[in-house]
Each structure stands twice: as C-alpha cells, then as structure tokens.
Amino acid sequence: MSDILKSTENENGRIVIEKDVIAQYAGYAALDCFGIVGMATISMKDGLAKLLKGDNVGRGVSVRIDEDNTLNIDFHIIVAYGVNIKTVVNNLVSTVKYQIEDYTNMKVKGIKVYVEGVRVID
C-alpha cells in the first residue's frame with residue numbers, strides 16, 4: 001500500500017496527503033487530550049514501552065486507509081497515573097476523530113487505542 005492517502009485535484013493544483021503527515025497530526029492531537037502523558041513505541045529487544053518525545057510522536061500512531069477511502073487509526077499511548085483510563089480513551093477518540101476529519105476531509109472509520117503504560121506526572 002502506498003504512503004499517499006488522498007490525492008485531490010482542482011483548478012489550483014493537486015493536493016497529496018501522506019500517511020506520515022496524518023500520523024504526526026493525530027499524535028499531536030492525542031497529546032492535547034487530558035490524561036495522556038505521551039505516545040509509546042514497543043522495543044523489540046526488551047518488549048518494553050518507550051515514551052516518544054518531540055517529532056517522534058507519529059511513530060506511536062498507525063494509519064491505514066480502506067478501499068472506501070476511510071481511515072483506521074491505531075494509537076499506542078501512555079496515560080497518567082490516577083486517571084480513569086476509559087474516560088481518557090473516550091476523550092482521545094472523539095477529539096482525534098473530529099480533528100482528523102476536519103483536517104483531511106476524510107472519514108475516520110475506526111480508532112483503536114492500546115494503553116502501553118502508566119506514568120506518574122511530575
């Protein structure tokens with residue numbers, strides 16, 4: 001599958017959106033949600049979740065496109081200690097769905113959230 005998700009043409013030119021751009025945007029949208037410490041990646045060497053920082057937040061997000069031009073997004077997150085995980089995840093899903101659909105004009109078909117760890121916030 002190509003990294004290009006959507007290509008639109010009009011009288012002004014062609015717009016191409018790539019998966020990495022959507023993943024990065026979704027990662028930053030998720031970080032704005034209360035209770036999320038950061039995005040995570042799993043180390044294959046030791047099987048531990050590592051907190052991603054800065055421009056690497058997109059690595060904790062996986063974006064797929066279906067034949068009907070809809071998006072499926074997977075998040076690997078680390079939540080703050082003491083928060084209600086269900087509430088945090090519901091907030092993430094609704095916030096990211098709205099922001100991605102507004103940003104790309106594509107429908108989000110599904111969002112899966114994998115909580116990879118819990119951290120105490122300083």
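Author: Gladly! Let's begin with aromatic pairs: rings of Phe, Tyr and Trp pair if their centres lie within 6.5 Å, and planes under 30 degrees apart count as stacked. Keep in mind that this is a predicted model. The structure holds one aromatic pair.

Reader: Which residues form the aromatic pair, and how are the planes arranged?

Author: The partners are Y25 and Y103, and they are stacked, with 3.8 Å from centre to centre and 5 degrees between the planes. Y25 belongs to helix 1 (residues 19-31) and Y103 to helix 2 (residues 85-104), so the pair ties together parts 78 residues apart in sequence.

Reader: Is Y25 buried, exposed or partly exposed?

Author: Y25 counts as partly exposed because its relative accessibility is 29%. Y103, at 40%, is also partly exposed.

Reader: What should I look for in a strand?

Author: In a regular strand, side chains alternate between the two faces of the sheet. Now try strand 5 (residues 61-65): V61, V63 and I65 make up its covered face, while S62 and R64 are on the uncovered one.

Reader: Which strand pairs with strand 5, and in what sense?

Author: Strand 6 (residues 71-80) does, in the antiparallel sense, over five bridges. For V61, the bridge partner in strand 6 is F75. The two strands form a hairpin with five residues between them, and N69 in the turn has a positive phi of about 65 degrees.

Reader: Which residues form the nonpolar patch on the surface?

Author: Y81, I85, V115, V118 and V120 do, with about 490 Å² of accessible area together. V120 sits in the segment after strand 7 (108-119), and V120 counts as exposed because its relative accessibility is 64%.

How values were computed
Residues are numbered from 1 along each chain as its sequence is written. This is a predicted model: local features need pLDDT of at least 70, side-chain atom pairs count only at pLDDT 80 or more; totals for chains, interfaces and linings use all residues. Side-chain values use heavy atoms; hydrogens and water are left out. Patches are made of residues with over 30% relative accessible area and no salt bridge: like charges are joined within 9 Å, nonpolar side chains (Val, Leu, Ile, Met, Phe, Trp, Tyr) within 5 Å. Accessible areas come from the Shrake-Rupley method with a 1.4 Å probe; for residues, only the protein chains shown count as cover. A salt bridge is a side-chain nitrogen of Lys or Arg within 4 Å of a carboxyl oxygen of Asp or Glu. Helices (H or I, at least four residues) and strands (E, at least two) are DSSP runs, numbered from the N terminus. Buried means under 20% relative accessible area, exposed over 50%, partly exposed in between (1.4 Å probe, protein chains only). Rings of Phe, Tyr and Trp (its six-membered ring) pair if their centres lie within 6.5 Å; planes under 30 degrees apart count as stacked, over 60 as edge-to-face and the rest as tilted. Two strands pair if DSSP finds at least two bridges between them.
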